[in-house]
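Biologist: Please take a close look at one part of this model, the charged side chains and their partners. I would like one connected account, with the cut-offs spelled out as you go.

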Amino acid sequence: MKFKSLLTLAAVLALGFNVALAADDDTPLAKEMKTTNKSIRTLKRQLDDATKKDDNLALIATAKKSVEASSKLEPAKTKDVPAGEKAAYLDKYHAEMKDVAKAFDDLEAAVKDGKTDDAKKILEKLADQKEKGHKDFNPDDK
């Protein structure tokens with residue numbers, strides 16, 4: 001009986017530890033990026049459906065809002081950057097976020113004009129930007 005209680009206690013502590021770690025990952029920047037990613041995933045699924053044009057534009061607007069908010073935040077990895085390199089690191093982050101915002105502007109224009117093939121190419125570009133950005137700025141993506 002004591003062994004069973006000990007195992008239950010160990011399981012509860014392990015679960016609590018995992019929840020605490022997950023809470024640390026939910027930075028304001030991570031929340032904004034999740035919103036952007038969710039919009040992109042939905043957009044990819046319904047981009048070919050001409051009847052979803054207004055929905056797609058709404059998804060792009062949501063993503064653009066999150067990208068704008070994200071560009072005002074600092075990546076969690078910033079705390080690990082030496083003080084002398086911090087300004088250059090943040091400049092690089094802001095420049096990359098500006099490029100992402102520009103890609104969303106281009107995506108919005110393509111969707112408004114009904115240029116689905118162009119929109120798909122821009123989504124591929126955004127995927128590349130995401131990969132590069134996570135490599136450069138996300139401590140969990142090495």
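Modeller: Glu-68 counts as partly exposed because its relative accessible area is 48%, where buried means under 20%, exposed means over 50% and partly exposed covers what lies in between, with a 1.4 Å probe and protein chains only. This is a predicted model, in which local features need a pLDDT of at least 70 and side-chain atom pairs count only at pLDDT 80 or more, whereas totals for chains, interfaces and linings use all residues. Residues are numbered from 1 along each chain as its sequence is written, and side-chain values use heavy atoms, with hydrogens and water left out.

The side chain of Glu-68 meets that of Lys-72 in a salt bridge, at 3.6 Å from N to O; the term stands for a side-chain nitrogen of Lys or Arg within 4 Å of a carboxyl oxygen of Asp or Glu. Lys-72 itself is exposed, because its relative accessible area is 64%.

The structure holds 9 salt bridges. One of them joins Asp-48 to Lys-120, with the closest N and O atoms 2.9 Å apart. That pair links distant parts of the chain, since Asp-48 sits in the loop between H2 and helix H3 (53-71) while Lys-120 belongs to helix H5, 72 residues apart; helices here are DSSP runs of H or I with at least four residues, strands are E runs with at least two, and both are numbered from the N terminus. Asp-48 counts as exposed because its relative accessibility is 55%, while Lys-120, at 34%, counts as partly exposed.

Ile-122 lies in helix H5 (residues 116-137) and counts as buried because its relative accessibility is 14%.

Helix H4 (residues 83-112) also carries Glu-108, which counts as buried because its relative accessibility is 18%. Apart from neighbours within four places in sequence, Glu-108 is in contact with Leu-57, Ile-60 and Lys-64.

Other charges gather instead in a patch of positive charge on the surface, made up of Lys-38, Arg-41, Lys-44, Arg-45 and Lys-130. A patch is made of residues with over 30% relative accessible area and no salt bridge, with like charges joined within 9 Å and nonpolar side chains (Val, Leu, Ile, Met, Phe, Trp, Tyr) within 5 Å. Lys and Arg count as positive, Asp and Glu as negative, and His and the chain ends are not counted. Helix H2 (residues 28-46) gives the most to this patch, with 4 residues. Lys-44 has its place in helix H2 and counts as partly exposed because its relative accessibility is 49%.

Conventions. Accessible areas come from the Shrake-Rupley method with a 1.4 Å probe; for residues, only the protein chains shown count as cover. The place of a charge is taken as NZ of Lys, CZ of Arg, CG of Asp or CD of Glu. Contact means heavy atoms within 4.5 Å.
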